[in-house]
Amino acid sequence: MVLTNRLENIGLNIKKYRKQMKLSQVELAVEVGIDRAYLSEIENGRTNPSVNVLYAIADALKIEIENLFATEFKI
């Protein structure tokens, strides 16, 4: 399913940038104001986060939101 692939890409990008900033899931979740388990679901492509949550994640990671939608990534 295309949506699943998109969600997986978003999740992988979030994980990539989080690790680049040397943040744990707990640290990022606290910064964003969401539960760590919810962040894990997002990173694993198992949930469809709202646009507001994606903006908050991008802000916390100090990146433009477009970076979360990139389809080429390396972890």
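Helices here are DSSP runs of H or I with at least four residues, strands are runs of E with at least two, and both are numbered from the N terminus. The model is a predicted one, in which local features need pLDDT of at least 70 and side-chain atom pairs count only at pLDDT 80 or more, while totals for chains, interfaces and linings use all residues. Residues are numbered from 1 along each chain as its sequence is written, and side-chain values use heavy atoms, with hydrogens and water left out.

**Backbone stops**

Remain at Lys 62 and display its backbone torsions: phi is near 60°, a positive value in a residue other than glycine. Most residues other than glycine have a negative phi. With a relative accessible area of 68%, Lys 62 is exposed; the classes, from a 1.4 Å probe and protein chains only, are buried under 20%, exposed over 50% and partly exposed in between.

Next select Lys 22, in the loop between helix 1 and helix 2. Lys 22 also has a positive phi, about 60°, without being a glycine. Its relative accessibility is 73%, and Lys 22 therefore counts as exposed.

Move on to Gly 33, in the loop between helix 2 and helix 3. Gly 33 is exposed, at 62% relative accessibility.

**The whole chain**

Of the 75 residues, 39% count as buried. Among contacts (heavy atoms within 4.5 Å) with a sequence separation of 6 or more, 60% join residues 24 or more positions apart.

Two packed helices are described by the angle between their axes and the distance between the axes. The axes are lines fitted to C-alpha atoms, for helices over the stretch in contact, and angles between N-to-C directions run from 0 to 180 degrees.

Select helix 2 and helix 3: their axes lie 8 Å apart at an angle of about 105°. The two helices are therefore roughly perpendicular, a class that covers 65 to 115 degrees. Show side chains for Gln 25, Val 26, Leu 28 and Ala 29 of helix 2 and for Arg 36, Leu 39, Ser 40 and Glu 43 of helix 3, which make the contact.

Now select helix 2 (residues 25–32) with helix 4 (residues 51–61), whose axes come within 9 Å and cross at roughly 115°. Helix 2 contributes Leu 28, Glu 31 and Val 32, and helix 4 contributes Val 53, Ala 56, Ile 57, Ala 60 and Leu 61. By class, these residues are seven nonpolar, no polar and one charged.

**The nonpolar core**

Which residues touch the most other members of the largest nonpolar core? Select Ile 14, Leu 28, Leu 39, Ile 57, Leu 61 and Leu 68, out of 18 residues in that core. A nonpolar core is a set of buried Ala, Val, Leu, Ile, Met, Phe, Trp, Tyr and Cys residues joined through side-chain atoms within 4.5 Å. Helix 1 (2–20), helix 2, helix 3 (36–43) and helix 4 each supply at least two residues, and helix 4 gives the most, with six.

Finish at Leu 28: apart from neighbours within four places in sequence, this residue is in contact with Ile 14, Arg 18, Leu 23, Leu 39, Ala 60 and Leu 61.

How values were computed
Nonpolar A, V, L, I, M, F, W, Y, C, P; charged D, E, K, R; others polar. Parallel < 35°, antiparallel > 145°, perpendicular 65-115°, else oblique.
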